[in-house]
Amino acid sequence: MNNNFKLFTCLYLSVFLAIIVNGQQCWNKDNLSWRSGGERKLTLNGAEITIQGIAWFGMETGTFSPGGLQVQSVESILDILVATGFNALRLPFSVDMIINNRYPNDINFNLNPNLQGKTALQVLQYITAEAGKRGILIVLEQHRFDPSDYISALWYTTQCITNVDGKCVNYTEQMVIDTWITLTNLFKQYWNLWALDIKNEPHDPVTWGTGNLATDWDKAFVRIVNSIDSATNFNGVYFIEGVQNNQGVCSNMYNNWWGGNMSPVRCFPIYLNQPNRVVYAPHTYCSSVFDQEFFNAQDYPNNMPTVWDAEFGFLADNVPTNQYAILLGEWGCKVNTTKNSLFMDKFTQYLNGKNMKSHLFFSLNPDSADTDSILFADWKTINQNTMKDLRKINSSPSKFTVNGNQICLGQVSTISTISSSTTTGLQSTTTTGGQSSTTTGTTGGSGSTTTSKPTTGSSSTTGASSSTTGASNGKAILKQTVRQTWFDGTNTNTLVDCSLSNPSSSPIAIPKYRIDKVPSSSWEMNLISSNVVSFTTWNNQIGAGQTLTFGYIVSSSNPITFTQI
């Protein structure tokens, strides 16, 4: 046995033991049970999880293409989601897209060569697989029957819809069931298929619990889900959205959002053949989507908690059964007026008061007409104002990490390869005062390292090591960890996680740093001038023992060099 092999073996064992010692909860990919219920929690194999997700629309439209792929790659967009703390992705589709071979027509294949020649369904599979490598869960959502149909009220059509082939198609309940069975059997090979959102935004004349089988969404949901479950053995959860006004039956007094009224659950809760699979997933928005009457009340926004309680908030309490969880299935707001700013402040306060941490924000796409995005129009620059609001709801959503054939809840010591064209590793840089040092090497904890420089081709690899200096001098310690590098067809890009720590026993002032490169995207880092950055806390200090976290993406194979001013 040569010395290199001995070193590899020791490093491998040290990583393996670290998973045990650090108390990581890891399970085989083939033995994952996603559940709801048990005090209304979302769980993975019994361990509670919280979700911060986002909707990425486009495939349900006539482009059959996710938004943004004219200017970004799938991989780059997913990396931004990881960097900003999102752990779930809601992907809408049309039934037409599943039952026919539709091809995307709004993708830059120079940036996305792995999508060349794929059908829309295969693109959906590719995104799911790549998301899985990054620890992002998938919610599949039936948004439309046909791209031209917009959003239907019912879960079936009452008249045929002419598709792009000129054929007029009637979408029956059985066709919907068959489509879901086909899709679920195809996608359950991916460990990260977490949830099925059975029907987007049921609305009037849809009802719940009225006894009218032609319009009662609750009964239809049970029929559809039980059929899917018996045919697929899907081990995830099922989203049911609310209705609109329910003809006044066990409802509230408000004009409700499409998919937003969960009031009838008080009288008619959902029971499936399999327990603990229901996730109530209401939709809600601010006045940028529609200026509802309650947004113009004299006591706005103080009236809003009463509205939200009536629409869905009561589900955060233990009524009428605890065999479910509640998650905001879609919500959003364009914070462009004082009214909408008041909404956002009150809404985030409300969710915190209800301990409702799990949600799916709308949307990832910056071209959404009536809601804000986490990105600006370039699909690269992060909207820090939106992220600030989202972090008020859930500052630490669950982290899912792929470790070989295991899925671990929480970060582990190794990070798996992202794709055949991108390799993930770690590079750590520690800066103290005006000094900086960088070490790169093979995976392991300490000892000698071997430097590996990223190439400027289609792939790059960086080793893993960490170096900390200056912990005794009382100054802030800036540590960088390169999570990933990739080539986008033009530039090599580097995604870096950072921390700024105060190791001393007294508070210190927030430092400023001169940087040698300007990031293309950043979060929790403020660009003061073209080459100077700082950070923000409520009192412009880093408390004793406190650590701030931030990160960035830079168009370079090397991280930014920070020099304290």
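This note reviews the disulfides of the structure and one of its sheets.

1. Basis of the note. This is a predicted model, in which local features need pLDDT of at least 70, side-chain atom pairs count only at pLDDT 80 or more, and totals for chains, interfaces and linings use all residues. Residues are numbered from 1 along each chain as its sequence is written, and side-chain values use heavy atoms, with hydrogens and water left out.

2. Disulfides overall. A disulfide is a covalent bond between the sulfur atoms of two cysteines. Here it is taken as a pair of cysteine sulfur atoms within 2.5 Å. The structure contains four of them. When the bonded cysteines of the protein are numbered in sequence order, they pair as 1-8, 2-3, 4-5, 6-7.

3. C160 and C168. The sulfur atoms of this disulfide lie 1.9 Å apart. The link is right-handed because the torsion about its S-S bond is about 85°. For accessibility, buried means under 20% relative accessible area, exposed over 50%, and partly exposed in between (1.4 Å probe, protein chains only). C160, at 35% relative accessibility, is therefore partly exposed, and C168, at 37%, is also partly exposed.

4. C250 and C267. A disulfide joins C250 to C267, with an S to S distance of 1.9 Å. Its torsion about the S-S bond is about 85°, so this disulfide is right-handed. Both cysteines lie in the loop between β11 (237–240) and β12 (278–280), so the pair ties together parts that are 17 residues apart in sequence. Helices (H or I, at least four residues) and strands (E, at least two) are DSSP runs, numbered from the N terminus. C267 is partly exposed, with a relative accessible area of 43%.

5. C286 and C333. In this disulfide the sulfur atoms are 2.1 Å apart, and with 90° about the S-S bond the link is right-handed. C286 sits in the loop between β13 (283–285) and α7 (304–311), and C333 in the loop between β15 (328–332) and α8 (338–354), so the pair ties together parts that are 47 residues apart in sequence. Both C286 and C333 are buried.

6. Strands of a sheet pair through backbone hydrogen bonds, either parallel or antiparallel. Two strands count as paired if DSSP finds at least two bridges between them. The antiparallel pairing of β2 with β3 (residues 41–44) runs over four bridges. L42 in β3 is the bridge partner of S36.
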